[in-house]
Amino acid sequence: MKHKTDVLIDADRDTVWRFFDNADNMTRWQPTLRSFRHVSGTPGQPDAVSELVYDENGREVVLTETITARREPEFLGGTYDSRWGTVVILNLFEQTEDGRTRWSSNSNHQFKGLMKFLSLFMVKSIRGRIDDDMQRFKLLVETAVARGQS
């Protein structure tokens, strides 16, 4: 399953990148994230590995994140592996002419096992979750900028 979402954020690209690149902010825009633990490599750099643990309706979901590409402040790519499959995500940040930032998230979900079948019924939910997370991030950045916390 492929999914692309664009969000226009009322902040310059460097500010957006600082918020996005700060792991401490993750729980502020991903409300089901319970923990983020760096495992190996240089944090945020290609080949870095981290473990993310989510609480999904009382069920623990563990993802292993591997950063695959980074060009600050333009893009960050990674793979997210779980027992249900792999998601490849490329996040692009484009400065617009009016000083805002367009964040484009491109994801490719490859499910395995029973999840291949179940995912057919969960497409709307998965896409909605990504879109909601991106809107929460937008709100986080824009609120901080409005308060002079950029």
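Aspartate 10 is partly exposed in this predicted model, at 40% relative accessibility, where buried means under 20% relative accessible area, exposed over 50%, and partly exposed in between (1.4 Å probe, protein chains only). Its side chain meets that of arginine 100 in a salt bridge with an N to O distance of 3.4 Å, a salt bridge being a side-chain nitrogen of Lys or Arg within 4 Å of a carboxyl oxygen of Asp or Glu. The pair links distant parts of the chain, 90 residues apart: aspartate 10 lies in the loop between strand E1 (2-9) and helix H1 (13-20), and arginine 100 in the loop between E6 and E7. Helices (H or I, at least four residues) and strands (E, at least two) are DSSP runs, numbered from the N terminus. Arginine 100 is likewise partly exposed, at 28% relative accessibility.

Residues are numbered from 1 along each chain as its sequence is written. Because the model is predicted, local features need pLDDT of at least 70 and side-chain atom pairs count only at pLDDT 80 or more, while totals for chains, interfaces and linings use all residues; side-chain values use heavy atoms, with hydrogens and water left out.

The search of the whole structure finds 12 salt bridges. Side chains of opposite charge can pair when their charged atoms come close. Arginine 102 is partly exposed at 31% relative accessibility, and glutamate 94 is partly exposed at 42%. A further salt bridge joins arginine 129 to aspartate 133, with the closest N and O atoms 3.6 Å apart. These two residues are 4 residues apart in helix H3 and therefore separated by about one helical turn. Arginine 129 is partly exposed, with a relative accessible area of 27%, whereas aspartate 133 counts as buried at 10%. Both belong to a network of salt bridges that links Glu56, Arg129, Asp133 and Arg136.

Strands E5, E6 and E7 are joined by antiparallel pairing, two strands being paired if DSSP finds at least two bridges between them. E5 (residues 75-82) and E6 (residues 85-95) share 8 bridges, and these strands form a hairpin with 2 residues between them. Aspartate 81 has threonine 86 of E6 as its bridge partner. E6 is joined to E7 (residues 101-111) by 11 bridges, with histidine 109 of E7 as the partner of valine 87. The hairpin of E6 and E7 has 5 residues between the strands, and in this hairpin glycine 99 takes a positive phi near 90°.

The largest pocket holds about 1400 Å³ of space. Of its 49 lining residues, Gln30, Tyr54, Leu63, Tyr80 and Ile89 are the closest to its centre. On a 1 Å grid over the protein atoms alone, a pocket is an open set of points where a 1.4 Å probe fits, with protein on both sides within 12 Å along at least five of seven lines, and lining residues have an atom within 4 Å of a point. Grid points are joined across faces, edges and corners, and the volume is the space filled by probe spheres set on the points. Elements that give two or more residues to the lining include helix H2 (26-29), strand E2 (33-40), strand E3 (49-56) and helix H3 (114-146). H3 supplies the largest share, 10 residues. By class, the lining has 26 nonpolar, 16 polar and 7 charged residues.

Methods. Ala, Val, Leu, Ile, Met, Phe, Trp, Tyr, Cys and Pro count as nonpolar, Asp, Glu, Lys and Arg as charged, and the others, Gly among them, as polar.
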